[in-house]
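Could you have the model open while reading my notes?

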Amino acid sequence: MDWLARELDRLSVGLERAKISEYVDLLNRPMSLIWRNLVAGMARGVGIAIGFTFFAATILYVLQMLGKLNLPIIGDYIADIVRIVQRQLEGRTY
């Protein structure tokens, strides 16, 4: 049992050292750190843009479907919202 505990300690120390050495390497090469952060930022930006586009299209689709139901009060408001958004997409102001 004592041998197993020593081996686990040795393994954990080795893993800890490996992470620290990678971090120190990144700090010693600032261009690599800048490049990684730039690529990560661009990937996040593209992901957010795609996600928001999908979300907005889904919401517009649902609003259009609700507008077609001709609900007495809610339908008018939804139709106005859809009209405003479509005009904005066409580049005209309302």
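Predicted model: local features only at pLDDT ≥ 70, side-chain atom pairs only at ≥ 80, totals over all residues.

1. Residues are numbered from 1 along each chain as its sequence is written, and side-chain values use heavy atoms, leaving out hydrogens and water.

2. Helices here are DSSP runs (H or I, at least four residues), numbered from the N terminus. Following H2, Asn 70 has a positive phi near 55°.

3. The axes of H1 (residues 2-28) and H2 come within 5 Å and cross at roughly 100°. H1 is therefore roughly perpendicular to H2 (65 to 115 degrees, with axes fitted to C-alpha atoms over the stretch in contact and angles running from 0 to 180 degrees between N-to-C directions).

4. At that crossing, Leu 26, Leu 27 and Asn 28 of H1 meet Pro 30, Ser 32, Leu 33 and Arg 36 of H2, contact being heavy atoms within 4.5 Å. Four of these residues are nonpolar, two polar and one charged.

5. Arg 29 sits in the loop between H1 and H2. Its relative accessible area is 47%, so Arg 29 is partly exposed (buried is under 20%, exposed over 50%, partly exposed in between, with a 1.4 Å probe and protein chains only).

6. H3 (residues 74-90) has 17 residues and reaches 24 Å from first to last C-alpha, close to the 24 Å expected. Which residues of H3 are buried? They are Gly 75, Ile 78 and Val 82. These fall within an arc of 65° seen down the axis, so they line one face of H3; the arc is taken from the directions from the helix axis to the C-beta atoms.

7. Helix H2 (30-68) is included in what covers those buried residues of H3. On the face turned away, H3 carries the exposed Asp 76 and Tyr 77. Just after H3, Gly 91 takes a positive phi of about 95°.

Methods. Helix = DSSP H or I, 4+ residues; strand = E, 2+ residues; numbered from the N terminus. Expected span 1.5 Å × (residues − 1). Parallel < 35°, antiparallel > 145°, perpendicular 65-115°, else oblique. Nonpolar A, V, L, I, M, F, W, Y, C, P; charged D, E, K, R; others polar.
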